[in-house]
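Subject: Structure handover

Hi,

Here is the structure you asked about. Please open it alongside this note; my findings follow below.

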Amino acid sequence: MGIKRILLKLSSHLDYPLLIMLLILMLLSLFVQYSAGNESTTHLLMQGGNLLIAFVILVLVANISPWHLLSLAVPLYVGGVLLLLGVATFGDVINGSRRWLHLGVLRIQPSEILKIAVPLMLAWYFHTRQATLRLADYGIAATLLALPVFLVARQPDLGTALLIAASGFYVLFFAGLPWRLFLGSAVLAGASLPLVWHFMHDYQKQRLLTLLDPTKDPLGAGYHIIQSSIAIGSGGILGEGWLQGTQAHLNFLPEHTTDFVFAVFGEEFGLLGNILLLLLYLAIILRGLILTDRAPNMFARLLSASITLSFFTYVFVNMGMVSGILPVVGVPLPMISYGGTAQLIVLLGFGMMMSANTHRMLNKS
Amino acid sequence: MKSRVELRHYHTDISDFRRRLLIVAAGVVVAFALLVARWVDIQILHHNDYLVQAENNRISLIPITPNRGIITDRNGRVLANNYSAYTVELTPSKITNLNDTINAIAHLIPITPVDRRKFFKSLADNHHFASLPLRTHLTDEEAAKIAANMFRLPGVEVNARLFRHYPQGKVAAHLLGYVSRLNDADIAKLQSAGRYDNYQGADHIGKTGIEQSYEALLHGNTGYEQVETDAGGHAVRLLAHKPPISGDKLTLWLDSRMEAIAEKAFGDHRGALVAIDVHTGGILAMVSQPGFDPNLFIDGIDSADWDALNNSPDHPLIDRALRSAYPEGSTLKPFMALAGLHYGVRTPEQTIYDPGYFAFPGSSHHYRDWAPNGHGTVDMHKSLVVSCDTYYYRLANDLGIVRMHDFLSQFGFGRKTGIDLEGEKAGVLPSPAWKAKFSRQPWYPGETVICGIGQGYNLATPLQLAVATASLANGGTVLRPQLVQRIVDSHTGITRDLPAQIVGRINLPPAQLKVIVDAMIDVTRPGGTAVGAFVGTPYLVAAKTGTAQVVGIRQNEKYHAADLDITHRDHAVLIAFAPADAPKIAVAVLVENGGHGGTAAGPIARAVMDYYLLGKSPAPAPQTGGPVHGH
């Protein structure tokens, strides 16, 4: 079998519209990172490496049979939850949170695994139960979701917990969660907000209060929001031009290659750039929803919906936070922010989505 | 089993799924529209605000304080200079609990209660300053300790700053004055004068003395650096630079060694001395005792030090040389004698008989001579040598107060001398017009008589006496006294010598003046009132002694110094110039409650003249910090 044939075979399970848009985003990421990283070539190559690895993973995962994905759902979920329990007992404390786990030379953040494992698990659950679905199944699925969310929230990492909760909720929602249950739980959630406030850590409360009035503590909790708003606001309509943003280059902007990279983008490319970037994200999301609509079976449908909408959630939460309309939570901007794990999770998700949608799944039973 | 299974209809399933998909898609679009709305708000509607903030973030103007001008004496001995030292400074607006922060600093470096007091005092005085010093003069090690702990001490900074220093301490303290921290009043003054911009970044200003009167020259011009800074406040790129221009260097007429000798000569006495170059009006020495150490004031004086200085009955902060006016006493007599000659009321040879008092015809009130039995037959020469009071009672009565006033005012009595310092007193040269304004009462002839011997309403500062004496010495030229001789522009190096400023010329025919000067020379010779102080000088001295009454003595009482409270004893006054045949230096000395002018004030004048004319020091050369030898 020649290389040409291998490539041909690998390429047959890809969704080209989605792939091309993701590639444009990756290219954009390199430009933005070159500027945000103060024109460091090393930094640029590192991000290139991250994206390349994530891209290869996407192509490989897209070629895995959905049967394998289905059979991986339970072990991945159980393993992920066990690791979370491990973190709770043996994890390293970094910045006051217990999020990392040492496995020999490897240091992993198990909550990242759950971002994939939870939608996979719930999609598997509803897929296998689709013929005999009862009301109680939503309860079981909700419990399967609540367990890891609770563990992550306790680390404490409220941001990631909410993202995992969202990814699971999307599955439940598209699995036909009855409207009365949906509305009921929404009311319940609203009513429990004061309780949540009570159990929140001081720094979490601070972040919420800061959103309401960042100028209260301009050098403390409000600093991120003020500086990123200044960066985006000073960009104006057309922006200051690539490599010309002063906020990031003079280090006024904290975390300007990772979570706050969008402020650099906004400063250098202005409103026009922002809207174009947002349209690109919107196109990816719409393509994801179209794939969801066309999905050949329950598993593909639920997985695609969850992955697409989680992607949307990342984009919205990150941009909302950097633009100053959402509280500061540690969520990177998909594909643009610097980092390995985050890009990997996103492209892994899209890979699974392509696999589920391009393979013929004959009902084995 | 089948009964428990909910059969789901495929088509309803799918249409419900589609509906949910559409709802979610709509949700996505709404969420993104929200983002766009926010961007429109900050990138278009408030774009300018954020742009300004970004610029303010980026560009900062750093003022560079100029070096303050150095002050030296006529021989180049430094009287005021600058040095750089580390200070630890607090920014109260960034600190929630000042006491906690100060305690934390006190764990690292020694902070005395005095430091704390000073800090809170300057905090109360200065609202305009972002940061205030807690302690100055940190050692390198102390500065490093603070710097290493800065991360846990928000609002605390270590800065290298320039400090004023007066290396000679108390010497010439009054005339030098001192700089101290700018306060709200100073800033208001600078702002109304349009000079505040030049004080950006500066924190000291001249408060008294030369430091105050020459502030505009000494301060220099503030420079600035316009820099692009990063978030840490580190300058990244220099955008514009304007170097500061140091303040001008001032050279005084003063001889600081002579100044020190004169100060020492006062011993424990309160008083003042002014020595003037008779040709230029340059101030060679200007003493006010007791003095103070101007270095205490630079960083805000400690309240204990301040109370000690401010509440002392000796008033050490007052410059007696120009802010205290005393009766001239008998030192007015040479000027009175000249007035008699000028108006033709007396000739030098004309004599009077002194029975020991003067009385108006038909009056039993006696204006007593200091010698109870009188001086017998007295001509003008003798009247000065023995300081005969009766002679001058009669002369005053013959002249009348208006002529006395008109003649004496030529010498600068009753008028500010115009010295280059602020706060000078004008003294009093009485006249009926002055009295009318002062008390709405008519002038009485008896007051004229008293004024004839420099008592009554007469008041003059030691500076005025010295200026008047200098104009006797130089033949009638009244000079404006000046402390600063030369101004050196530290930027261009251009030297500017300040010319002597002539205030007026008095018509003193040489023959008339010779009578007076000859008599004043004999004052220092056997038979004169100042013989003790000037015996054996290799140069000729012309002098006149005086005693200025502090309290009146009733008609039938006698003055006994020992019976009086020390602060009620007479002040001793002496004026002198030398060499009498070719005058160079004129001196006026006042010793408060010192008694007789010849004995209390004479030796002080002698010490100054010996040094100035012979280069002789009465004691080992003064060394700052060295042991003080009594006179």
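Of the 631 residues of chain B, 43% count as buried. Bear in mind that this is a predicted model. Chain B holds 22 helices and 23 strands.

Look next at an open sheet of five strands. Its order is β12-β11-β23-β22-β21 (chain B), and the pairing is antiparallel. Two strands sit at the edges, β12 (283-289) and β21 (542-548) of chain B, and each pairs on one side only. From one strand to the next, the twist averages 5 degrees.

β21(B) pairs with β22 (residues 571-578) of chain B in the antiparallel sense, over seven bridges. One detail to find on screen: A548(B) has H571(B), in β22(B), as its bridge partner. Helix α22(B) packs on this sheet. It touches β11 (271-277), β12, β21, β22 and β23 (585-591) of chain B. The direction of α22(B) makes about 30 degrees with that of β22(B).

**The cores**

The largest nonpolar core has 121 residues. L273(B), V274(B), A466(B), V587(B) and V608(B) touch the most other members. Which helix gives the largest share of this core? That is α22 (residues 597-614) of chain B, with nine residues. The core also draws at least three residues from each of domain 2 (65-252) and domain 3 (325-572) of chain B.

Leaving aside neighbours within four places in sequence, L273(B) is in contact with A262(B), A285(B), V287(B), P462(B), V587(B), V589(B), I604(B) and V608(B). As background, nonpolar side chains tend to be buried together in soluble globular proteins.

**A covered helix**

Helix α15 (residues 389-399) of chain B is mostly covered, with nine of its eleven residues buried. Among the buried ones are D389(B) and R394(B), along with Y391(B), Y392(B) and Y393(B). Just after α15(B) comes G400(B), with a positive phi of about 85 degrees.

**Where the chains meet**

The contact takes 36 residues from chain A and 36 residues from chain B. On the side of chain A that touches chain B, the elements giving two or more residues are α7 (158-174), α11 (223-235), α12 (246-249), α13 and α14 (298-323) of chain A. α13(A) gives the largest share, ten residues. By type, that side of chain A divides into 19 nonpolar, 15 polar and two charged residues.

**One residue in α13(A)**

I284(A) lies in helix α13 (residues 261-294) of chain A. Is I284(A) buried or exposed? It is buried, because 23 other C-beta atoms lie within 10 Å, and the cut-off for buried is 20 or more. Leaving aside neighbours within four places in sequence, I284(A) is in contact with L18(A), M21(A), L22(A) and F311(A). P17(A) is 267 residues away from I284(A) along the chain, yet their C-alpha atoms are separated by 8.5 Å.

Best wishes

Conventions
Residues numbered from 1 in each chain as written. Chains lettered and ligands numbered in written order. Predicted model: local features only at pLDDT ≥ 70, side-chain atom pairs only at ≥ 80, totals over all residues. Helix = DSSP H or I, 4+ residues; strand = E, 2+ residues; numbered from the N terminus. Buried ≥ 20, exposed ≤ 12 C-beta atoms within 10 Å, placed from the backbone. Contact = placed C-beta atoms within 7 Å. Nonpolar A, V, L, I, M, F, W, Y, C, P; charged D, E, K, R; others polar. Core = buried A, V, L, I, M, F, W, Y, C linked by C-beta atoms within 7 Å. Domains from an automatic or database assignment. Pairing = 2+ DSSP bridges. Axes fitted to C-alpha atoms, helices over the stretch in contact; angles between N-to-C directions.
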